[in-house]
Structure formats: structure tokens, C-alpha cells
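Subject: Handover of a structure for your study

Dear colleague,

Please find below the structure that I am handing over to you.

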Amino acid sequence: MKIADTETFILHVPVPGIADSQRSVERIEFVGLRVRTACGMVGTGWFATVGHGAAVVKCALDTLLADEIIGEDPRNVRDIWSRLYSGKGLWIGRAGAVHVALSAIDIALWDLCAKHAGLPLWRLLGGDDASPFPAYNTNGGWLNFSVERLRDEALRQIDDGFSALKIKVGGPDLDADIARVEAVRAVIGNDILLMADANQNWDLTRAQQAVQRLESFDLGWIEEPLHPDDIDGHARLNEACRMPLALGENVYSSHLFDAFIARGAVDVVQVDACRVGGITPWLDVAEAAAKSGLQICPHAGDIGQIHQHLVRANSNAWMLEVIPFWDEGPFEDQLKLKHGACLAPDRPGASTEFGEEAFTRFRVA
Ligand code: MG
């Protein structure tokens, strides 16, 4: 199996208007590539972003990375990853646009490996349990929703079978954050798992005040309270905080994850294959987390498409984050939910392929 050519793309897929403490979002931008082998097999990989920067990532693919895999056998995915990581983009790419472009390539190669094996990726990676995997829903808890809407959305999700929900905090007024959590906890009762996500918007003092006030609501975790590079701050916060601390969606390397784990600065590891450099480093991070007894709940930066496979191949994976924006999504093999759990994908590959109609309709480059 040899790679014959690649084709990069950008898709703009609209989503309902939503917001967290950092930004408002009206579309998901998928930037990535299709990798064709000489025998006509196609693998698809991408990075998903929210409104800016896709053109920069495409430029990194077009000028630094995509040509470098021509003639390679995708099954050498680990060697290819190391060569590209240390290649043309090294001095400008250990995090950010070049690194997420490397994610897209690595994901496309794993998609090809699974298709070549005739297996869904989770089976190729050694997963053996096809039962529904527990999921939690973030789509009812956006920061631009009123308290009334938060309550309604939470009840609707419970009706749909979810027993775990997440809401956004980190707004300008801590009293308002606390009131939102209090209102949702009051309406869902104590048997539903509830998490809160500040999206990095606190400093250490504010975070310490917040976690102290949030402790009475029995949260499953507090997520991204501080800047994602602040290992020491997270370690100090975690020492004094009884609820678990979750982070990882903005941690861009397995080395940084190692440092967070070694310092006791994270409890729930939210490693994202689209950001950490692909499935190859994702697996390394998941193994390191499992060795330290930490649970893995990957960030839904991949919209759950890829992570639904990876959680099935890791013994310490706890829940899959899902954000079901679309009734019918843009993917050929769309993630399927039933009673708050994710059904096992059964098609060969990594579920990264877009439906042909969606690909044409949403493609802008
Ligand atoms: Mg988050």
C-alpha cells in the first residue's frame, strides 16, 4: 500500500449560534486532506476549528507536510509521524497550526490503516467490546443560554437518556456562574452527573474562589479553570480542591501531558486527537494517563467521530463528550447515540469521511 496523492480541503459547516467564555461560534471549519493510495483507497483526516485559522492550517499542509508522505506506506504511521514532526515544520510547529496539520495527516493514515484491515479503527486498536459507550452532552449548557433555557435543555437531555451533562461557566460574574450551576443541579436532582467548564477564563485567585463555592453542587469535575500552559497553577489549585480537575483540550503535546500528570495537576485527561498531533500521540497520552490511574474523557474537538473509536481501545476511558449539533451530520459514518450512549461504529475506518453531498455543499477551498 503506497500513497499516490493527497488533496487538501476546507469545509464550513454551520452550527446553531453558541458561546463559551472565550468565543461565539456559528460554524465548524474542517481543514484536512484526503490521502489516496495507488490501489485507490482513500483516507480522510482533519482538524476542526471554530471560525478562524483554517487557511493557515491548509497552508501548512500544502507547503510543509502533504507532499512528504507521497510514496509512503500508511501502515508505517508511527515512523511517518516522527519524521514529519522533526521535518520542515519543526521550528514553527510544535504547537498550533503546523501541529494540528500533522494531526490531520496522522488521522488520515490511521483511517487508511483501518480501511486496509477491513476493520473499524477501534477494532484495529484492540478494542473488543461493542456495547454502547457512555456519553455526556455539552450541547445544552452554552454560556449564551439563559438560566431558563439551561434548565429546559438539561431536562430534554435527560429525556433523551443522558445521565451526564456539562455546562459552561467562566463568565464575567462569578455569582452568575454559581447561579447557573445551582439552577441546573436543582432541576436535574442528585443522580445526574454534572460538570462545569470555565474554558481557561479564571486566574488562580478567581478559580480558588469558584471551586470553593462550587463544591456543594457535587460536580463531576471542573474543567479548564486556568491558562492551559499553567502547570504549577493547576497543581496548586488541585491540592486545595476536592472536586476532580479536568483539562487537556489545549495541551498540544504528550510531553506536556506527562508534566501535568507528574505534578498532580490533572485528574481527568481530555486529550484531543485533532490537537495533540493525531491518533499516534493520543494513544501515548492515554497510556500514560492509564498508568497513573487517571481517567480519560477526550475533548469533542473531533465532534466525537474519531474519539468514539479511541475510547473503545483504552481501558481507562470513562465517557465520550458529544455535542450533537446536527440531526443529520456531514459524515458518511455519523456518530450514533441511543439512550445517552454511543453505539459502536461498524464500518471500516476512523469515521472521518464526509458524505459526498456534504463535502460538495460545504467545501470552500
Ligand atoms: Mg472544554
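The notes below cover a pair of helices and then the cavities.

The model is predicted, so local features need pLDDT of at least 70 and side-chain atom pairs count only at pLDDT 80 or more, while totals for chains, interfaces and linings use all residues. Residues are numbered from 1 along each chain as its sequence is written, and side-chain values use heavy atoms, with hydrogens and water left out.

**The helix pair**

Helix α9 covers residues 254–262 and helix α10 covers residues 279–291. Helices here are DSSP runs (H or I, at least four residues) and strands are runs of E of at least two, numbered from the N terminus. The two helices pack at an angle of about 15°, and their axes lie 9 Å apart. Axes are lines fitted to C-alpha atoms, for helices over the stretch in contact, and angles run from 0 to 180 degrees between N-to-C directions. Helices α9 and α10 are therefore roughly parallel (angles under 35 degrees count as such).

Which residues of α9 and α10 meet? Ser254, Phe257, Asp258 and Ile261 in α9 meet Val285, Ala288 and Ala289 in α10, where contact means heavy atoms within 4.5 Å. By class, this contact has five nonpolar, one polar and one charged residues. Ala, Val, Leu, Ile, Met, Phe, Trp, Tyr, Cys and Pro count as nonpolar, Asp, Glu, Lys and Arg as charged, and the others, Gly among them, as polar.

**The cavities**

A search of the whole structure finds two cavities of 30 Å³ or more. A cavity is a set of points on a 1 Å grid over the protein atoms alone where a 1.4 Å probe fits but cannot get out, and its lining residues have an atom within 4 Å of a point. Grid points are joined across faces, edges and corners, and a volume is the space filled by probe spheres set on the points.

The largest cavity has a volume of about 60 Å³. Its lining includes Leu65, Tyr85, Arg94 and His99, and the largest share, three residues, comes from α3. By class, this lining has six nonpolar, three polar and one charged residues.

The second largest cavity has a volume of about 40 Å³. Among the residues that line it are Glu153, Gln157 and Lys166. Helix α5 gives the largest share of this lining, four residues. The lining divides into five nonpolar, three polar and two charged residues.

Yours sincerely

Conventions. Parallel < 35°, antiparallel > 145°, perpendicular 65-115°, else oblique. 1 Å grid on protein atoms, 1.4 Å probe; cavity = no way out; pocket = protein on both sides within 12 Å on 5 of 7 lines; lining within 4 Å.
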